[in-house]
Amino acid sequence: MRKTDILILGNGAAGSSAAFAAKQTAPELNVLVLSKEDEPVYSAPALPDLLSGELTRAQVTVSPWDDYRNAGIEALCASAVRIDAGTRTVILENGGEVSYGELILATGSQPIRLRKMQGTGLPGNFVMKTIADVEDMAAYGGSRAVVVGSGAIGIEGSMALKARGFEQVVMVEALEWLSPKSLDRATSDELKAKLESFGVKVLTGEAVQGVLGETKVEGVRTEKRDIPCDLILWGIGMRPDTELAKAAGIECGASGAILTDDHMRTNLPHVYACGDCTESVDVFSGQRGAYLFWEPARRGGAAAGVNAAEEGQDVRQENRPRVFLGTTPFFLTNKGGLSILAMGRTEAQLAEGRGTVLEEKKDGVYRRLLFEDGKLAGAQMLGTLEDADLFAAQIRKNAMQREDTWDLTEPVPNLEQLSLQEAVFFLRKQRRNAFSK
Amino acid sequence: MKRVTFDPYRCDLCGVCSAACSLVKTGKFDASQSRIRIETAGSRVPLRAAVCRHCEEPACVTACMRGIIDQDPQTGLVTRRHDGCFRCAACAVSCPAGACVLDEALNAFTACDLCGGDPLCVKVCLTGALRFEDDAENSAHLRALYAEKMFEEREELPGELTDAQWEEICSILNAEGLSVAPDELRRGCR
């Protein structure tokens with residue numbers, strides 16, 4: 001049986017960050033990373049650029065295998081089928097076993113597929129989660145695409161297919177407007193106009209009912225029409241991959257993702273978890289959930305790596321244990337002339353009767369700020385990133401209301417009478433004054 | 001480590017820091033390309049300098065979706081490899097200092113690199129608003145300042161730079177191999 005001090009399941013943003021952080025913290029420990037894909041860590045958020053042809057395969061790689069070798073990290077392409085936390089062993093699909101000192105679960109997430117819907121098993125159905133997915137889609141070809149869903153995959157996938165030269169790209173969203181979890185209807189309307197200016201046709205309030213075709217995808221049937229197409233890109237959401245964890249008795253939260261403390265420890269001793277498979281707090285809303293983002297996966301992964309390495313050594317290194325205090329879920333797209341940034345709560349999520357919304361449309365830039373009781377609770381902007389740091393800090397402080405926060409923000413006075421720009425100036429001055437007191 | 005720090009009570013919004021920065025980094029005057037930007041709130045009252053803080057735990061390093069922003073474990077300096085930046089803007093959005101700039105020539109996001117340890121913006125700041133100092137100095141300086149200025153909101157600004165001061169800045173730039181005439185510099189600062 002193979003033995004390792006630290007075993008990491010998963011080699012994505014979280015798993016690789018954990019591996020490098022663990023090795024840096026305790027170079028004498030063995031670190032082994034298991035991954036289902038035979039790829040060094042690559043940037044999943046950059047996959048639309050791989051699809052469009054703007055980036056090459058090498059350019060989406062974050063750390064090539066040489067970085068692993070130089071750091072002394074071992075990597076193995078293998079699927080784990082079972083965790084035996086009692087004997088601290090992981091059983092592999094090929095029958096092999098690995099015993100570990102500390103285990104870090106970074107199993108990530110899986111795209112949701114509508115397996116029961118007619119035609120979704122035909123060739124021409126694609127998701128965009130891995131490099132292989134993109135390469136398959138590129139090899140499949142075609143000139144007419146339907147993109148289902150209007151989240152990051154839907155929006156960036158549509159833009160990428162258009163940039164790839166597809167003549168027809170139709171985005172279909174079942175809900176009333178685009179990305180309703182992140183955007184208000186007014187922002188969605190602006191975004192829709194922008195997408196259409198890039199040649200993407202946008203249909204909202206139209207649920208997909210089935211896939212047309214006998215031997216391959218020939219079209220999509222919605223409530224309102226049939227749309228002929230060569231391929232379908234499904235971007236209807238992701239779900240945390242927690243099968244192994246649940247079978248091993250690792251506790252999951254209401255979101256279905258693994259529960260950890262702020263040191264990334266699960267309820268089982270010597271088992272940590274990080275990244276897309278874990279539940280966390282959204283610091284812009286204070287809500288717990290499964291938030292699948294690159295930055296928190298890397299940050300949480302690094303924390304898990306440092307903590308697991310220190311645990312494995314039984315002594316505290318000078319590196320203090322890293323804590324992970326929550327996710328900053330930016331809804332962010334900045335590609336080919338399309339820039340979208342949304343954070344915090346939407347209008348529908350503001351307490352009734354206590355919300356104020358300011359908006360501004362100027363020179364192709366749309367900005368929308370949402371306040372609750374005069375305090376910033378959400379921001380949505382198209383065509384600009386200006387003041388993103390100011391809004392993020394304000395929304396976070398207002399949402400978390402932690403007792404140790406020394407500069408809680410004051411409500412903006414006379415908000416109803418202010419223009420959006422005047423409100424921004426107030427917020428800038430307030431930040432300045434918070435520093436000088 | 002030493003960082004670029006800003007004292008808004010001394011800044012007179014002359015714009016020399018941004019002009020000099022864009023000149024040394026891109027070869028021309030273009031404030032939009034400067035790695036340092038003095039923020040205001042609509043009036044002529046300076047609020048803060050948006051410039052890379054080389055944070056202890058930099059948000060940009062973990063946010064970068066290409067893994068091309070690194071922090072030197074010894075010096076703490078945050079460095080960037082621009083090749084492969086796909087302009088996702090994750091660094092810009094997560095930076096608490098608002099310090100990331102989209103460099104048009106590099107076609108990549110970038111930020112202040114402290115000019116290799118001798119920042120030009122600090123050298124050309126004649127008012128002393130910009131300083132290059134380590135944390136202890138910065139802290140002592142700020143404590144003294146805030147003791148003096150506590151609760152005072154600055155509304156008035158000192159006058160403009162004198163002709164002699166423009167000349168002096170030009171001679172500093174010339175010493176750096178950047179040949180600029182005073183009139184040219186004035187225009188570049190607008």
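Which residues does C121(B) touch, not counting residues up to four places away in sequence? C121(B) touches V4(B), C17(B), A20(B), C21(B), I36(B) and L130(B), where two residues are in contact if their C-beta atoms, placed from the backbone, lie within 7 Å.

This is a predicted model, in which local features need pLDDT of at least 70 and side-chain atom pairs count only at pLDDT 80 or more, while totals for chains, interfaces and linings use all residues. Residues are numbered from 1 along each chain as its sequence is written, and chains are lettered from A and ligands numbered from 1 in the order in which they are written.

C121(B) also belongs with A18(A), I104(A), L105(A) and I232(A) to the residues that have the most contacts inside the largest nonpolar core, a core of 181 residues. Such a core is a set of buried Ala, Val, Leu, Ile, Met, Phe, Trp, Tyr and Cys residues joined through C-beta atoms within 7 Å; a residue is buried if 20 or more other C-beta atoms lie within 10 Å of its own, exposed if 12 or fewer, and partly exposed in between. Helix α9 (residues 294-313) of chain A gives the largest share of this core, eight residues. Helices (H or I, at least four residues) and strands (E, at least two) are DSSP runs, numbered from the N terminus. In soluble globular proteins, nonpolar side chains tend to be buried together.

Where the chains meet, 28 residues of chain A are in contact with 26 residues of chain B. On the side of chain A, α9, β20 (331-335), α10 and α11 each supply at least two residues, and by class this side has 13 nonpolar, six polar and nine charged residues.

The domain bounds come from an automatic or database domain assignment. Chain A is divided into domain 1 (2-111 + 238-313), domain 2 (125-234) and domain 3 (345-436), whereas chain B has domain 1 (1-30 + 114-190) and domain 2 (52-111).

| Domain pair | Distance between C-alpha centres |
|---|---|
| Domain 1 of chain A and domain 3 of chain A | 35 Å |
| Domain 1 of chain B and domain 2 of chain B | 23 Å |

Four residues of domain 1 of chain A are in contact with five residues of domain 3 of chain A.

Two residues other than glycine have a positive phi: H270(A), near 65°, and N414(A), near 50°. H270(A) is found in the loop between α8 (243-247) and β17 (271-273) of chain A, and it counts as partly exposed because it has 18 C-beta neighbours inside 10 Å. N414(A) lies in the loop between α10 (388-400) and α11 (420-436) of chain A, and N414(A) is exposed because 11 other C-beta atoms are within 10 Å.

Methods:
Ala, Val, Leu, Ile, Met, Phe, Trp, Tyr, Cys and Pro count as nonpolar, Asp, Glu, Lys and Arg as charged, and the others, Gly among them, as polar.
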